[in-house]
Amino acid sequence: MGKKTLYIKPQESMVKKMNTAHPMFAVVGHPNKGKSSIVSSLALDDSVQISDTPGTTTKKRSFPLKVDGKILYELFDTPGFQRARRVLSWLEQHDVPADKKHEVVQMFINEHKEDVRFSDEIELLEPIMNGAGIIYVVDGSKPYGEEYEAEMEILRWTGQPSMALINHIDETDYSIEWKRALGHYFKMVRTFNPMETTRLQHISILESMAQLKEEWIAPVKASIKLFEKYQEQMIERSSAAIARLLYESVSTVEQLSFSSKEASKEEKEKIARNYKDKLRELEVSTQKKIEQIWNHDHLKKEQKLLAFEGMDLFSEETASVFGLTKKELLITAATSGAVTGAGVDLLFAGHTLLLGAGVGAVVGGVGAYFGFNELSEVKVLGKILGKRYLEMGPMENRNFPYILLGRAIYHTTQIANRSHALRGVIDIDMDSTFKEKWLRDDLRKALEKYHKKFRSGKEMEAEELAEYEGLIKGVLERMIEK
Amino acid sequence: MNLKSYLDLYELLQTDTTTREENRAFGLTHVVVKNRPIEQLLAWVNEHRAKLKKPLLSETFSSYLYGVTLTLTLIAFVLGFLSGVGLLSYSGHEPVNVIYFMVMVVFFPLFTMTLTLISMIRANTAQSLLVHISPAFWMEKILYFLPHKMQENLKEVKINPLLTNWIVIMRSQIIALAFSFGLLLALLGMVATKDIAFAWSTTLSISPESFHRFLNTVAFSWREYYPSAVPSVELIEQSQYFRLGDKLSEEMITNASKLGEWWKFLAFATIFYAIILRFGIYLLSVFGLKRAIKKSFLTLNGVKRLLSEMNEPIISTHSSRDEKKFMPNNDSYIQVVSSLDTSYDVVQGWAIPKAQLVVISDSMQVISPKLFEVGGGNTLDEDSEIINKSHGEVLLYVKAWEPPTMDFVDFLEELIRRVDKVIVYPVGTSQEHYKTQSKEVEVWARKLSTLNHKKVWLKR
């Protein structure tokens, strides 16, 4: 077929390009090479549909990084090339100099907008022709093939700045041959595994994207700073949610009225069940809140619960993994008991010859030892007034706050460190060494002060809760990958 | 910033329905008060106050406080007046002992002011005993006598204990001031309407000179300006009274007109100790209350969140458009061959170079006179040419790991128009010895099922 020489009128895409102030990046490539995973990971959004079935993405989707509504940059997830050779064949029919090639691409879009055969190509080319930089994704775990060249050639026709990302879907590695081939078409080739993205890798990819065009450097750098701020915000909000969970769980009181003279065994069991259910509900709702904070709100609840099977809040196993050992409990209780005793000594200007501290330590320690398995006593109230009811709470078990806090911190770190590209069941692998990682002696002492106050059932001041939040924030900052 | 605005903020936060976006928009449109949290909160309260149900909790609470304080102030004034009258009552048999009155207007105020100062220092503690013994603390107990509805409204209010302490401290000073004014009025009234013989009496062996030195010290603040308001040694000597004998001494009777001079001293002592100093403490408590309100503003439950919503930028990375739910086609392809023949009319490899095709065929023990690479680097014309050369049964190798594209489907549709049978055979990589993963073959099977043509078969 002979080549056509055409007069090309100025294209509307040029106007669009001038009007678009923020950087845009279109993630394009062959079907099923992990484009959506990359977008999901870079946009911190787990709502993107990802599957090993090709053609999951049928329409381009924009993921803008917005600050107060202002877009700093925009990522586009696009469908994969379906008829690349046919598109290239159409383009190559037009004999134009290099500076007009992008106009031919625009012409292709204009002419085939209603053509269902090219709907995928139109979807992926449109953002590029509107000024988006190209991020071409390939799977480095599979061998390079010539069929990719048509796609890369089309992208070259667009004249837009581009880079290639080698994604590793499987363990085999063909990245050397890929790099050799991609080097012919792209000025920058990077390796990126969206499933194992750390914050540093995320930033590193953003920095590479900024290099595509000089005028994108400043806004992308601003975005990187913003991501740091974003993480800080998420840690703060998580700390607040965890602090409230601890306060509400430890101080909560469950009541159950009964009409007979004495409460039956069933009624006592019922209140204990209700009490535990309430605590579990509090934990589940806080976990959901934290998942939302970290943009992981598409994690399936039942899957998460399954992962917790056998690690129930009240199981012995939970206590041993997340809580304090009996020895630690004794030390903590003894220390906090001694603090109270020392207060007595101070009051009498030391005239009790430190007897107060000694007595406090013994009483506190023994109490903790015997309270190891106790949650809260079931109290019968209202006998005199005639309206009887059972009451359970606030939580008396000294270990409970540490178990709950350990679980909450563990869950948060798992969520925060999890890539948004992952779609499988969250693997909450209980690790008995985790406690050693987050709970230091000085922290345990600092926490006990607040746990004691929670246990008292008294109303907490916002200021005190903020101090407690601060302690949790410190732990999360330490535990969440930078 | 006052108690009213604090309570309005408290009530607004209790019923707050504003979204993060609205609060951020507020923060952005009120840049003047940025980085000034109190001003920001006050501006926010002003903006949203209209949302609160009438009567405002702040109005109910303020009117309750005002009413209770006014009542107690009046009672204190009357009590002060009556105490003054009682202390200054002169039966004619015994003179009025100035020491009683001094205790009431100098020592008692000094003692209570010291306690007040201590309670001010300890006002941060929620359970301050000194605050609790203050009469003003019991003001809230009057709550129980209020109409039921008002009681319910006020019971919901959980004011910061720091603030409660300062409210109690400040109101106590007002009550104490009223009491002192009552005492002063009683003194002036009694002096004006009665002839009071003042005297001083003590069991302790204190000489008039020593007592004069003591009184001179007590009167340190006014002795320079009003020397007549400091009793002289003579007056002290003349007014010393001994109970023994059950009658007034000769000297006292002789100098009866002079004994009344004590009133000036007592009036100045009342004005200075019970009124001016107390007023100073009151001013301190007003200042302390203001600071407590400021502090309580920032520690109110929900304020931290509100401020962070106003000042922290809203960062979002989400797509604004929901994705259409992808429903995969789970039909399995039924035209399946499980084993290959030893020869085919044509062997083709989709995006598989000819050299590799030879190796694959060899490994599969398949022979064919015609081996072609299709797709891949070929042009569409080249593919058409190969199709034209094809006939009979075609074995079409495809890369199992590469999902089928519409380019492949187009080719296949064209090919089946020309040949009798096409066996699509997904193969793995040479590293995997051409073995495939079942999920890869499933992808191909699903794609072929969309074509659903009797000439197309899948080798599993």
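This is a short tour of a predicted two-chain model, stop by stop.

Before you start, note that residues count from 1 along each chain as its sequence is written, while chains are lettered from A and ligands numbered from 1 in the order in which they are written. Because the model is predicted, local features need pLDDT of at least 70 and side-chain atom pairs count only at pLDDT 80 or more, whereas totals for chains, interfaces and linings use all residues.

**Stop 1: where the chains meet**

Show both chains and select the residues of each that touch the other. Helices here are DSSP runs of H or I with at least four residues, and strands are runs of E with at least two, numbered from the N terminus. Nonpolar covers Ala, Val, Leu, Ile, Met, Phe, Trp, Tyr, Cys and Pro; charged covers Asp, Glu, Lys and Arg; the others, Gly among them, are polar.

**Stop 2**

Now select β2(A) and β3(B), residues 315-316 of chain B: they run antiparallel and are joined by 2 bridges. Strands pair if DSSP finds at least two bridges between them. Zoom in on Lys66(A), which faces Ser316(B).

Step back to see the open sheet of 7 strands, in the order β6(A)-β5(A)-β4(A)-β1(A)-β3(A)-β2(A)-β3(B), with mixed pairing. Its edge strands are β6(A) (189-191) and β3(B), each pairing on one side only. At the β6(A) end, β5(A) (162-167) runs parallel to β6(A) through 3 bridges, and Leu165(A) has Arg190(A) as its bridge partner.

α5(A) (119-129) lies across β1 (24-29), β3 (70-77) and β4 (133-139) of chain A, at about 150° to β1(A). Axes are lines fitted to C-alpha atoms, for helices over the stretch in contact, and angles run from 0 to 180 degrees between N-to-C directions.

**Stop 2: a helix pair in chain A**

Select α17(A) (441-456) and α18(A): their axes are 11 Å apart and meet at about 150°. The two helices are therefore roughly antiparallel (over 145 degrees; under 35 is roughly parallel, 65 to 115 roughly perpendicular and the rest oblique). Show the side chains of Leu443(A), Ala446(A), Leu447(A), Tyr450(A) and Lys453(A) on α17(A), with Glu464(A), Tyr468(A) and Leu471(A) on α18(A), which make the contact. By class, that is 6 nonpolar, no polar and 2 charged residues.

**Stop 3: the parallel sheet of chain B**

Finally, move to chain B and its open sheet of 6 strands, ordered β4-β9-β8-β7-β5-β6 with parallel pairing. β4 (336-337) and β6 (370-374) are the edge strands. Select β5(B) (346-350) and β6(B) to find 5 bridges between them, with Val346(B) opposite Lys370(B).

Conventions
Two residues are in contact if their C-beta atoms, placed from the backbone, lie within 7 Å.
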